[in-house]
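Dear colleague,

Please find below the structure that I am handing over to you.

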There are 4 protein chains.
Amino acid sequence: MVSFCADTPGGYGCSVTTEENTPPQYWYAADKQALLGRLRRIEGQVRGVHRMVEEDAYCIDVLTQISAATRALQAVAVGLLEGHLAHCVVEAARDGDPTAKVKEASDAIARLVRS
Amino acid sequence: MVSFCADTPGGYGCSVTTEENTPPQYWYAADKQALLGRLRRIEGQVRGVHRMVEEDAYCIDVLTQISAATRALQAVAVGLLEGHLAHCVVEAARDGDPTAKVKEASDAIARLVRS
Amino acid sequence: MVSFCADTPGGYGCSVTTEENTPPQYWYAADKQALLGRLRRIEGQVRGVHRMVEEDAYCIDVLTQISAATRALQAVAVGLLEGHLAHCVVEAARDGDPTAKVKEASDAIARLVRS
Amino acid sequence: MVSFCADTPGGYGCSVTTEENTPPQYWYAADKQALLGRLRRIEGQVRGVHRMVEEDAYCIDVLTQISAATRALQAVAVGLLEGHLAHCVVEAARDGDPTAKVKEASDAIARLVRS
């Protein structure tokens with residue numbers, strides 16, 4: 001079984017192919033362009049924090065921006081997880097033994113909860 | 001489809017039955033007794049925090065205990081989620097459309113990440 | 001310098017005494033009885049989670065309750081920290097070198113953010 | 001009272017001036033250049049996440065990178081808070097009534113804990 005995330009027409013996809021020459025099945029966590037746009041905005045938020053420090057903004061205002069960037073990153077992560085469950089885990093369940101996929105998703109959730 | 005968590009011989013189980021008179025299939029998030037034991041210990045930790053405040057323990061020590069109880073609760077939650085994915089979500093995937101189950105799990109993850 | 005949290009008339013206090021025979025100065029994080037009441041309720045929430053597992057409640061409902069208990073614990077912690085800053089750190093600043101108190105508070109914040 | 005963060009020789013400073021024509025007193029959360037370097041690296045981490053999505057990296061690997069970026073942001077925030085307590089709050093305590101500064105710091109902690 002091969003798992004990868006694929007650039008598919010119209011979206012960002014995770015593919016699980018069980019056999020060679022089988023067309024992969026995709027999930028669309030979200031429109032890939034929308035996901036890329038969100039990440040671009042978060043990159044801009046972090047650059048904004050950098051600029052605030054450079055320009056000696058008030059610490060509390062810097063902290064407010066950091067909290068906003070952190071929340072935006074976590075929202076992206078939850079969206080990716082939802083797509084991962086909906087497609088990679090579900091495909092694995094249908095194709096056979098999903099134990100490894102579930103453990104992997106659960107470890108990712110634990111890292112997210114602790115970060 | 002009926003979803004519930006069931007006290008099954010030897011464990012704590014979540015059951016998905018698709019038809020009446022079908023024996024439910026269980027997941028064992030962990031041995032139910034072990035899970036109950038962990039929750040009992042967390043209850044004791046919170047009672048310990050209460051006692052520390054009553055006895056005027058130093059604030060920083062109270063905060064350390066609160067962090068420990070919080071981490072223990074989150075570890076229980078991640079374990080429950082793993083079991084839920086491994087059984088309820090996987091069963092739903094095999095039985096038909098898992099969309100609602102995935103959304104529900106994803107919402108629970110979002111609440112956990114934000115708490 | 002002696003730091004402790006003291007049961008003072010009308011509240012829960014943290015005291016910083018710099019000299020013997022000096023009456024301690026208190027902070028009132030909140031009314032001590034109110035704080036004890038909140039902790040008692042959180043203990044009840046955790047006991048409720050235990051009962052839900054015992055009675056085989058649906059996993060997602062158990063997770064919702066765990067998130068609520070976690071949030072309540074964190075709110076208590078933030079309140080304790082505010083009182084600690086307002087009194088222990090402020091007193092230390094006025095009495096001399098607050099470096100150790102600030103480091104201690106910052107370490108507690110780091111543990112809280114990571115839990 | 002004027003609070004601002006100032007670019008001071010050798011560091012990143014938060015200044016509290018109580019009177020005009022009084023030279024400001026600074027705190028050095030950390031060397032300003034070091035802080036800017038950390039933020040630059042986090043910006044690079046987020047750009048890396050963007051590139052991973054563009055190149056269809058495996059979702060779990062994307063999530064691992066998001067967790068790392070989130071943790072790095074939170075570590076910067078805790079460092080900024082420590083500097084803020086050590087300087088802005090301490091100066092406010094010495095100069096008069098620190099109530100507003102403490103409330104502001106406590107609100108920033110609450111946002112951080114919830115994000």
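How many salt bridges does the rule find across the interface of chain A and chain B? The rule finds zero. Please keep in mind that this is a predicted model.

The two chains do touch one another: 21 residues of chain A are in contact with 21 residues of chain B. About 1,900 Å² of area is buried between chain A and chain B, and carbon and sulfur atoms give 72% of this area. Six residue pairs, with both residues at pLDDT 80 or more, are in polar contact between chain A and chain B.

Turning to the side of chain A that touches chain B, α2 (59–95) and α3 (99–114) of chain A each supply at least two of its residues. The most comes from α2(A), which gives 10 residues to this side. Sorted by class, the side of chain A that touches chain B has 13 nonpolar residues, five charged residues and three polar residues.

I also looked at chain A by itself. Chain A contains two strands and three helices, and along the sequence these follow the pattern β-β-α-α-α. Chain A has 115 residues, of which 52% are buried. Its accessible surface comes to about 4,700 Å², with 48% belonging to carbon and sulfur atoms. Finally, among the contacts in chain A with a separation of 6 or more, 36% are accounted for by residues 24 or more positions apart.

Yours sincerely,
A colleague

Notes: Residues are numbered from 1 along each chain as its sequence is written. Chains are lettered from A and ligands numbered from 1 in the order in which they are written. This is a predicted model: local features need pLDDT of at least 70, side-chain atom pairs count only at pLDDT 80 or more; totals for chains, interfaces and linings use all residues. Side-chain values use heavy atoms; hydrogens and water are left out. Contact means heavy atoms within 4.5 Å. Buried area is the accessible area (1.4 Å probe) that two parts lose on being put together, summed over both. A salt bridge is a side-chain nitrogen of Lys or Arg within 4 Å of a carboxyl oxygen of Asp or Glu. A polar contact is a pair of N or O atoms within 3.5 Å; within protein, one must be able to donate a hydrogen and the other to accept it, and residues adjacent in sequence count only if both atoms are side-chain atoms. Helices (H or I, at least four residues) and strands (E, at least two) are DSSP runs, numbered from the N terminus. Ala, Val, Leu, Ile, Met, Phe, Trp, Tyr, Cys and Pro count as nonpolar, Asp, Glu, Lys and Arg as charged, and the others, Gly among them, as polar. Buried means under 20% relative accessible area, exposed over 50%, partly exposed in between (1.4 Å probe, protein chains only). Accessible areas come from the Shrake-Rupley method with a 1.4 Å probe; for residues, only the protein chains shown count as cover.
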